[in-house]
Amino acid sequence: MASPALRADLGRIVGDEHVLDPVPRELLQDATESRGLTGRALAAVRPADAEEVAAVVRWAARTGTALVPRGGGTGFSGGAVPGAAPDDPDAVVLATDRLTRGATIRPEDWSATFPAGTVTADLQRRCLEAGLFFAPNPGSAESSLLGGNVATNAGGPRSFKHGPVRAWVSGVEAVLGDGERVRLGGAVRKNVETLDLLGLLCGSEGTLGVLTEVTLKLQPAPEVALPTIALYADREAGLAAIAAVLACGVVPTALEFLDGTTLAASAGAFPGGLPEGAGFAVLVEALGPAAVAPLEARELATALAPDALAVRAPTERAAVDALWRWRDGVSIAVTAARGGKLSEDLVVPASRLGDALAAVEEVGARHGVPVTSWGHAGDGNLHATVLVDRDDAAELARAEQAAHAMLEIAHRLGGALTGEHGIGLVKREAAAALDPTLRRAQRAVKDVLDPAGIMNPGRKL
Ligand SMILES: Cc1cc2nc3c(=O)[nH]c(=O)nc-3n(C[C@H](O)[C@H](O)[C@H](O)COP(=O)(O)OP(=O)(O)OC[C@H]3O[C@@H](n4cnc5c(N)ncnc54)[C@H](O)[C@@H]3O)c2cc1C
């Protein structure tokens, strides 16, 4: 609960009706809710524009109050969950959902500027209407916000060929932790005028400032998107198919995999029904001009075919959309399988994917918990997951231990703790063991950009 003085201060900045106290439960959670993470906060504020954001940040710096920026609350690392750790200070949630005014699309420059509160899928649609394409496509696009995507440097299936959000950001406007407004970059496709401060903000998980506006470097909209999914009896056959795709000379936009448990959990929504005996799936996409994409799709299907139980390559728009809707819903289907899940986001060199999958299964067996993996095979990025009954405290504890043990796999195989979901709260213990020199450098950056230490303390760094 906020004190009357705090409420009055914030009300003067954003208007009393945009100070939420008590804070609605949905602003105290993110997608880690399925592992039981819920927080607490003094209040939430919903500023209308960058000016109000800056005033809130200045107020927080002056009063030493922690601020937790929030986008769509779809994060998988607890980054937007205030007060979830015992040592978290009392915080105010800074919701960015009202930052929606003033988008500009510049087709002639293949560029667009959107406020940070724009829903990801809305901006994708608006770009397409203007003949432009924003490739990053996290499965949460209907709920996540652009600011959250930049703050997590989100990926998604199409990041294999087209890179994560960072590769598409040419400029941001942000309010740094001292309340200063800055513009970094702009509607230019290259820019080495300064150190890569823009890059620092991408993936900073709300620890350096608040993103208020983002300028994107886009591409012409593709004419056709042709996914192909192949089903295999087992992991070995699926891994061989992934290797064949990587060797075939065509770079698919997406190169995804799903193991047998994930397939079983999402079977109900699988378009056309899952073939008998399917224990692994590989999904690829060819995207581009109508004269090129079908040729690429054919090459990819040839690479996938040898050991497949079935290969499906929809071409009708409705069937293509249905396949991607199923893929986007996999995370939710896996959560529903046992009521909860603890998902890691390991990334390893693509050639070590098989070793990582085997190691995840070994961890599950050792801790006596069911595990599953799916993700972005081309990026070596696996969402290694423990399925958990949240009402069973003993199982939840074993699941937490197993999830923690999975993190060790990434470094052992030459990878990293997280490829796209971020460190947030749930991986901070593992991140505390990273190279001390790197951690000192990160801390020095934080101290300069957020001298009062108010921006999302205890997360990421
Ligand atoms: C079903 C589902 C599928 C998903 N699929 C993918 C996927 O394919 N790829 C992927 O990368 N992720 C995926 N995610 C995870 C999540 O959607 C992404 O991390 C997303 O980018 C988070 O955006 P958000 O707006 O919901 O941010 P939030 O969850 O609200 O916040 C995430 C972090 O960013 C900070 N933040 C938010 N907005 C701002 C801002 N304006 N300024 C500064 N900091 C800010 C927060 O403090 C927090 O640390 C998925 C999630 C779900 C639930």
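**Salt bridges, a ligand and domains**

Biologist: Hi! What does Arg352 count as, in terms of relative accessibility?

Modeller: Arg352 counts as partly exposed, at 31% relative accessibility. Buried would be under 20% relative accessible area and exposed over 50%, with partly exposed in between (1.4 Å probe, protein chains only). Bear in mind that this is a predicted model, where local features need pLDDT of at least 70 and side-chain atom pairs count only at pLDDT 80 or more, while totals for chains, interfaces and linings use all residues. Residues are numbered from 1 along each chain as its sequence is written, and side-chain values use heavy atoms, leaving out hydrogens and water.

Biologist: Good to know. Which residue meets the side chain of Arg352 in a salt bridge?

Modeller: That is Asp355, at 2.7 Å from N to O. A salt bridge here is a side-chain nitrogen of Lys or Arg within 4 Å of a carboxyl oxygen of Asp or Glu. Asp355 is partly exposed too, at 37% relative accessibility.

Biologist: And which residue does Asp450 pair with?

Modeller: The side chain of Asp450 forms a salt bridge with that of Lys446, again 2.7 Å from N to O. Both of those residues are buried.

Biologist: How far apart are the closest N and O atoms of Glu213 and Arg183?

Modeller: They are 3.2 Å apart, and the two residues form a salt bridge. Glu213 lies in strand 10 and Arg183 in strand 9 (residues 181–185), so the pair ties together parts 30 residues apart in sequence. Those elements are DSSP runs numbered from the N terminus: helices are H or I with at least four residues, strands are E with at least two.

Biologist: Are those two buried or exposed?

Modeller: Glu213 is buried at 19% relative accessible area, whereas Arg183 is exposed at 56%.

Biologist: Switching to the ligand: which residues come nearest?

Modeller: Pro69, Gly71, Gly72, Thr74 and Ser140, out of 33 residues around the ligand. A residue makes that list if one of its heavy atoms lies within 4 Å of the molecule. By class, the shell has 10 nonpolar, 20 polar and 3 charged residues. Nonpolar covers Ala, Val, Leu, Ile, Met, Phe, Trp, Tyr, Cys and Pro; charged covers Asp, Glu, Lys and Arg; the others, Gly among them, are polar.

Biologist: Which atoms come up to the ligand's oxygens?

Modeller: A polar backbone atom of Gly75 is 2.8 Å from a ligand oxygen, and one of Gly79 is 3.4 Å from a ligand oxygen. Asn149 brings a polar side-chain atom to 2.9 Å from an oxygen of the ligand.

Biologist: How much of the ligand's area does the protein bury?

Modeller: 95% of the 980 Å² that the ligand exposes when taken alone. Those areas come from the Shrake-Rupley method with a 1.4 Å probe.

Biologist: Which element gives the most to the shell around it?

Modeller: Helix 4, with 5 residues.

Biologist: And which domains does the shell draw on?

Modeller: At least three residues come from each of domain 1 (4–95) and domain 2 (104–220). The assignment also gives domain 3 (224–328) and domain 4 (333–422), with bounds from an automatic or database domain assignment.

Biologist: How far apart are the C-alpha centres of domain 1 and domain 3?

Modeller: They lie 41 Å apart.

Methods. A polar contact is a pair of N or O atoms within 3.5 Å; within protein, one must be able to donate a hydrogen and the other to accept it, and residues adjacent in sequence count only if both atoms are side-chain atoms.
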